[in-house]
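Please look over the sequence and the structure before reading on.

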Amino acid sequence: WLDELKEYIQDNIQFTIDYVAKYMPKIRAYRPEGTYLMWLDCRQLGIDYKELERINVEEAYFFTDEGYIFGPEGEGFERINIACPTEVLTDALKRMAAAYKKHMKL
């Protein structure tokens, strides 16, 4: 089961990287090193980190670890958990992309 789980997580990582590149090209998704938590660099969106948090919570209904909680270097980053069913991940990324499109051209 562990090998199957690791393969599933790797598939979700690649799916996230591909989805973000295709539908949110101003965001960079970083491949994690040995975990199921991915960093998204949202700084190119030009949205203040507090506004980014508001958009995620109030419009995308997408709850992340806001990068700023890790210090000033994290402002503009979001950390997401991809260890979930791919359908759940897909839905969350779709909501995120739709919410950001309301505020800027992606």
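In which sense do strand β3 (residues 65–66) and β4 pair, and over how many bridges? They pair in the antiparallel sense, over 2 bridges. Helices (H or I, at least four residues) and strands (E, at least two) are DSSP runs, numbered from the N terminus, and two strands pair if DSSP finds at least two bridges between them.

## Basis of the model

This is a predicted model, in which local features need pLDDT of at least 70 and side-chain atom pairs count only at pLDDT 80 or more, while totals for chains, interfaces and linings use all residues. Residues are numbered from 1 along each chain as its sequence is written, and side-chain values use heavy atoms, with hydrogens and water left out.

## The sheet

The open sheet has 4 strands in the order β1-β2-β4-β3, with antiparallel pairing. The edges are taken by β1 (28–30) and β3; each has a single partner strand, so one side of each is left without a neighbour in the sheet. Helix α1 packs on the sheet and touches β1, β2 and β4, where contact means heavy atoms within 4.5 Å. The direction of α1 makes about 10 degrees with that of β2.

Between β1 and β2, which run antiparallel, there are 3 bridges; A29 has L40 in β2 as its bridge partner. The hairpin of these two strands has 6 residues between them, and G34 there takes a positive phi near 85 degrees. β2 and β4 are antiparallel over 5 bridges. W39 lies opposite R79 in β4, and M38 lies opposite I80 in β4. R79 is also the bridge partner of D65.

## Helix α3 and its cover

Helix α3 (residues 86–103) has 18 residues, which at 1.5 Å a residue should span 26 Å; the end C-alpha atoms are 26 Å apart, so the two values agree. The expected span is 1.5 Å times one less than the number of residues.

Which residues of α3 are buried? They are L89, T90, A92, L93, M96, A97, A99 and Y100. Buried means under 20% relative accessible area, exposed over 50% and partly exposed in between (1.4 Å probe, protein chains only). The cover over these residues includes α1 (2–23), β2 (37–41), α2 (49–59) and β4 (77–81).

## How α1 meets α3

The two helices pack at an angle of about 20 degrees, with their axes 11 Å apart. That makes α1 roughly parallel to α3. Axes are lines fitted to C-alpha atoms, for helices over the stretch in contact, and angles run from 0 to 180 degrees between N-to-C directions. Angles under 35 degrees count as roughly parallel, over 145 as roughly antiparallel, 65 to 115 as roughly perpendicular and the rest as oblique.

## L93

L93 belongs to helix α3 and is buried, with a relative accessible area of 0%. Leaving aside residues up to four places away in sequence, L93 touches F15, T16, Y19, M24 and I80. F62 is 31 residues from L93 along the chain, and their C-alpha atoms are separated by 8.3 Å.
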